[in-house]
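Colleague: Could you walk me through a few features of this model? I'd like to know how each answer is reached.

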Amino acid sequence: MCGITGFLALGSDPEPVMTARVAKMSAAIAYRGPDSRGTWVDGECGLAFGHLRLAIVDLTEAGAQPMASHTGRFMMVFNGEIYNHMDLRQELEETGKAPSWRGHSDTETLLAGIEAWGLTETLKRAVGMFAVALWDRETRTLRLARDRLGEKPLYYGWQGQGEAKTLLFGSELKALAAHPAFENQIDRNVIPELLRHGHVGENRAIYAGLGKLRSGEIVTISRENCDFASEIYWSGADVAVTRGGAPARFATPVEAVDALEALLLDTIDRQMMADVPLGAFLSGGIDSSTVVALMQKLSDRPVHTFSIGFNEERYNEAEHARTVAKHIGTKHTDFYVDEATLLGVVPMLATMYDEPLADSSQIPTYLVAKLARDHVTVALSGDGGDELFCGYDRYRQGADLLARLGKLPRPLRQAIAGSVRALPRGLIDTVMAPLRPTPQGKENNGQRLRRLADYLQSSGTDDLHKKLVSRWRFPDAAVPGALAPATMLDADAPPRGDLPDMERMMQLDMLTYMPDDILAKVDRATMAVSLESRAPFLDHRVAEFAWSLPMDLKHRDGLSKWVLRQVLYKHVPPKLIDRPKMGFEVPIGLWLRGPLKEWASALLDPSRLTREGWFDADVITKYWQDHLSGRANWGLQLWPVLMFQAWLENGGALAGK
């Protein structure tokens, strides 16, 4: 795991100047690779590469980057891990295409594969997570690539004008911002997306002129004409529609369970490849428990597992994790954090997430990563299990609601919704309070009923799914002058094929929420403490297998993730696992009325909002006052505003709007 960065400049600068610039870009993300730094420049072409190394495999200088191919044609910087690189080496050797190996790093293997098969074919053969920048000295083209499911980030874009025009790229925006060509212009149009979903997603970035590579994408940049040519070498959308390439045929459900276990064992065995200490995150839930149970089956010593505990019982999974760890036989370490510790992370978030991200579970994610880093350098996780095996409650709830809506004429649904929305929220709260007391820190009954009324007006699966994953109903109203771009959740939706409602929602989450929220959150939190996180469920072979299964093996007998549960039940009894899903929730709404009130009030000061000009001060103030008074719980809606404001205060944008 590492950090990569660099630039391709149209103008000419002396090589010492180029080296100093790329070194400064690297220094901005030094925590991604504390073991060593490397730079390489080609003054004639205006190209510079920077690399930060967190040494995991081949700790010698033979694994250092930037690295040249054995013929010298290609130069590369690479962030990630190729878990089948020894298989690729063997294939190269058997076909007579292998060079004289200098070491045993996967970087060297990738370069040898690129020499033999080309970049696209090599990435199709590779099993792993990665972000790659490759310079072809022969064609004078730069190629950027990202792994299939979006585990590793890569930002890029042209900045500057005329001879000062420069292509910048890097693992994080901090690196790009360190180059003098960086224009530092916030893209107002993506702010509504941040409010709606808590992140800036897909191929967009918070800064104008910059973007991210999509999952499974290769972008080729020519220095001669500054064009981008995009190629998708693996499409998650297509994998879902084609059922992983072909629907799975199993005589019995037991055969499917055995096949999944065998695949996961192979995947986890490969991901336990490391020349440094390795462990795993363990929440005690289905996904992480499955990963840990299979790790322990493969290991001849206790696997080191880590969890975070909370003193508030409704947020605490640590006791469940400890019970599971004891049954499996791991070496378990947990750490109970108090409110002061959790709140202490909040001021760090704007720096840690250099593009605003507003998932409150980023706080405990950082803390468990920090705990693990005190003991290991690599940690496996259960990320991806929910999206691939139907784990979120909203999939079933959404499908059930759609089935019921189909029985009601749309005009009747609209009339009911309109009547509900006409009722004052306070009146609804008063009437419903004796029937359904509002749980502490949760939305009030009036809010909840209005949200359900909004669902009644849904025109179909995609419309309902977008509402289910939205925080703000009309975020554009809070950002004057913004023209929100089309996304994969509306006008740019991928083909659905014959996917039923639940699988359509899973497909959309796999393409958006998973890479743009979950994986971005984990990448920044782990890399902030120089820890490599690996996710076995995100091996593309596991994803393809999951999509090949019929839906009744993923949701069966009222149980989510049925086939995955059966694998786990071979190693851990159901009584230790079967309980309501908790996740890494923290009580943001309560904190904003309590210990975070002063911090939030300063960031949401109306005069400040008016002066900065990004938000409609009246809209935000109304939400804030409603929240403080207890008339509503807008913690989920205010958090992305606060993350943007904190990011702005931290130097997120120094130029004009």
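Predicted model: local features only at pLDDT ≥ 70, side-chain atom pairs only at ≥ 80, totals over all residues.

Colleague: How many disulfides does the count come to?

Modeller: A disulfide here is a pair of cysteine sulfur atoms within 2.5 Å. By this rule, the count is zero disulfides. Cys-45 is in no disulfide, and its nearest cysteine sulfur, 14 Å away, is that of Cys-226.

Colleague: Is Cys-45 buried or exposed?

Modeller: Buried means under 20% relative accessible area, exposed over 50%, and partly exposed in between (1.4 Å probe, protein chains only). Cys-45 has a relative accessible area of 5%, so the residue is buried.

Colleague: Why do the buried residues of helix 10 line one face of the helix?

Modeller: Helices (H or I, at least four residues) and strands (E, at least two) are DSSP runs, numbered from the N terminus. In helix 10 (residues 318–328), the buried residues are Ala-318, Ala-321, Val-324, Ala-325 and Ile-328. Seen down the axis, they line one face because they fall within an arc (taken from the directions from the helix axis to the C-beta atoms) of 125 degrees.

Colleague: Which elements do those buried residues of helix 10 pack against?

Modeller: Contact means heavy atoms within 4.5 Å. The buried residues of helix 10 pack against helix 9 (286–298), strand 14 (304–310) and strand 15 (331–337).

Colleague: Which side chain meets Lys-561 in a salt bridge?

Modeller: A salt bridge is a side-chain nitrogen of Lys or Arg within 4 Å of a carboxyl oxygen of Asp or Glu. For Lys-561 the N to O distance is 3.0 Å, and the partner is Asp-287. The pair links distant parts of the chain, 274 residues apart, with Lys-561 in the loop between helix 22 (540–548) and helix 23 (562–569) and the partner in helix 9. At 8% relative accessibility, the residue that counts as buried on that side is Asp-287.

Colleague: Where do Glu-612 and Arg-608 both lie?

Modeller: Their side chains meet in a salt bridge (3.1 Å, N to O), and Glu-612 and Arg-608 are both buried. They are four residues apart, about one turn of the helix, and both lie in helix 26 (residues 606–612).

Definitions and conventions
Residues numbered from 1 in each chain as written. Heavy atoms only, no water.
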